[in-house]
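I opened my notebook to look around this structure one stop at a time. Here is what I looked up, in the order I looked it up.

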Amino acid sequence: MGTLGIQHYEAFLLASIALNLTPGLDTFYILTRSGREGHAVGMAAALGINAGCIVHTLAAVLGISAILMTSALAFSVLKYLGAAYLVWIGLRMLLSRASTRQPTETRGNGFNAAFRQGMLTNVLNPKVALFFLAFLPQFVSMHAAHPQLGLMLLGVSFIGTGLTWSTVLALMGGRIHRLLTARPQLGQWMDRLCGTVLLAFGVKLALQQRS
């Protein structure tokens, strides 16, 4: 794309769609929040996650993410912060008492909480930062007049495909929410299951290496 240096844009979009469709922490988190609190809260989680992607895009463009690649200390600090945050969310879901919770609520509930948690789970994951740093430049010529703008456009495109799929997930979770509202006991079991899975994601992140 001329002065932006973008190459093989169609291939980039196809790769972005494939990557966003791959199940992971983001998928699970959106389905969890929308399943327990409705599709609006699920959309808040989706917006938070994609806001985190904006942060990673800017970090890649500005070269900040490169610090994670060269500094073991910076990578470890961010990794353990992210892991601790996931463990904390998981424990709150596991230890919350059904007697203090309405059938359609979870601890740390609501639109703002879902947005904040979604954003932090994404921003505090150094693997996501390194992904943006490694993935975006493959489709931009650094010899172009404005490669930084090219990287920004690719980041926005990736986020666009991700937000589209995230919206679908939030709507799917809304259907689950209606089922759980009719059967509160299922919601209690879902909290336990989701808390356990978030704990597992936290442990997995803590054990990950840069390579």
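**Entry 1: Ser-34.** I started with Ser-34, which lies in helix α2, residues 25–37. This is a predicted model, so I keep in mind that I am reading a prediction.

Is Ser-34 buried or exposed? Its relative accessibility is 0%. Buried means under 20%, so Ser-34 counts as buried.

Next I listed what Ser-34 touches, leaving out residues up to four places away in sequence. The contacts are His-39, Gly-42, Leu-169, Ala-170, Gly-173, Gly-174 and His-177. I also checked a distance to Ala-45. Ser-34 and Ala-45 are 11 residues apart in sequence, and their C-alpha atoms are 8.2 Å apart in space.

**Entry 2: Ser-16.** I moved to another serine. Ser-16 lies in helix α1. Ser-16 has a relative accessible area of 0%, so I wrote it down as buried. Which residues does Ser-16 touch, not counting those up to four places away in sequence? They are Phe-135, Phe-158 and Thr-161.

**Entry 3: His-8.** Then I went to the segment before α1 (9–21), where His-8 is found. His-8 has a relative accessible area of 60%. Exposed means over 50%, so His-8 is exposed.

I looked up the backbone angle too. Phi of His-8 is near 55 degrees, a positive value in a residue other than glycine. I noted that because most residues other than glycine have a negative phi.

**Entry 4: His-56.** Another histidine, and another setting. His-56 is found in helix α3. His-56 has 3% relative accessibility, so it counts as buried. I listed its contacts, again not counting residues up to four places away in sequence. His-56 touches Ser-65, Asn-122, Val-123, Asn-125, Val-128, Ala-129 and Phe-132.

**Entry 5: α3 against α6.** The crossing of α3 past α6 is right-handed.

**Entry 6: α5 against α6.** The axes of α5 and α6 come within 9 Å and cross at roughly 145 degrees. Here α5 passes α6 in a left-handed crossing. On the α5 side the contact is made by Leu-78, Tyr-85, Leu-86 and Ile-89. On the α6 side it is made by Arg-116, Gln-117, Leu-120, Thr-121 and Val-123.

**Entry 7: Ala-74.** I stayed in helix α5 (residues 72–95) and picked Ala-74. Ala-74 has a relative accessible area of 23%, so it is partly exposed. Ala-74 touches Ile-67 and Leu-68, with residues up to four places away in sequence not counted. I also compared Ala-74 with Val-61. They are 13 residues apart in sequence and 18 Å apart in space, C-alpha to C-alpha.

**Entry 8: the record.** I looked up the UniProt entry, which is unreviewed. Its annotation "transmembrane region" covers residues 12–31, 43–67, 73–91 and 151–173. I checked two of these ranges in the model. Over residues 43–67 the chain is 92% helix and 0% strand, with the end C-alpha atoms 32 Å apart. Over residues 73–91 the chain is 100% helix and 0% strand. There the end C-alpha atoms are 27 Å apart.

**Entry 9: cysteines.** How many disulfides does a search of the whole structure find? The count is 0. Cys-53 has 7% relative accessibility, so it counts as buried. Cys-194 is buried too, with a relative accessible area of 3%.

**Entry 10: confidence.** The chain averages a pLDDT of 86, and 91% of the residues score at least 70. Among the elements of the chain, helix α3 (residues 39–62) has the highest mean pLDDT, 94. Helix α9 (residues 184–207) has the lowest, 82.

Over residues 98–107 the pLDDT is below 50. Beyond near neighbours in sequence, this stretch has 22 contacts in the model. Where pLDDT is low, the predicted coordinates should not be read in detail.

Methods. Residues numbered from 1 in each chain as written. Predicted model: local features only at pLDDT ≥ 70, side-chain atom pairs only at ≥ 80, totals over all residues. Heavy atoms only, no water. Disulfide = S-S within 2.5 Å. Buried < 20%, exposed > 50% of the residue type's maximum accessible area, 1.4 Å probe, protein only. pLDDT = per-residue confidence, 0-100. Helix = DSSP H or I, 4+ residues; strand = E, 2+ residues; numbered from the N terminus. Contact = heavy atoms within 4.5 Å. UniProt positions renumbered as here; feature names shortened; annotations may be inferred. Left-handed = near helix turned anticlockwise from the far one by under 90°. Axes fitted to C-alpha atoms, helices over the stretch in contact; angles between N-to-C directions.
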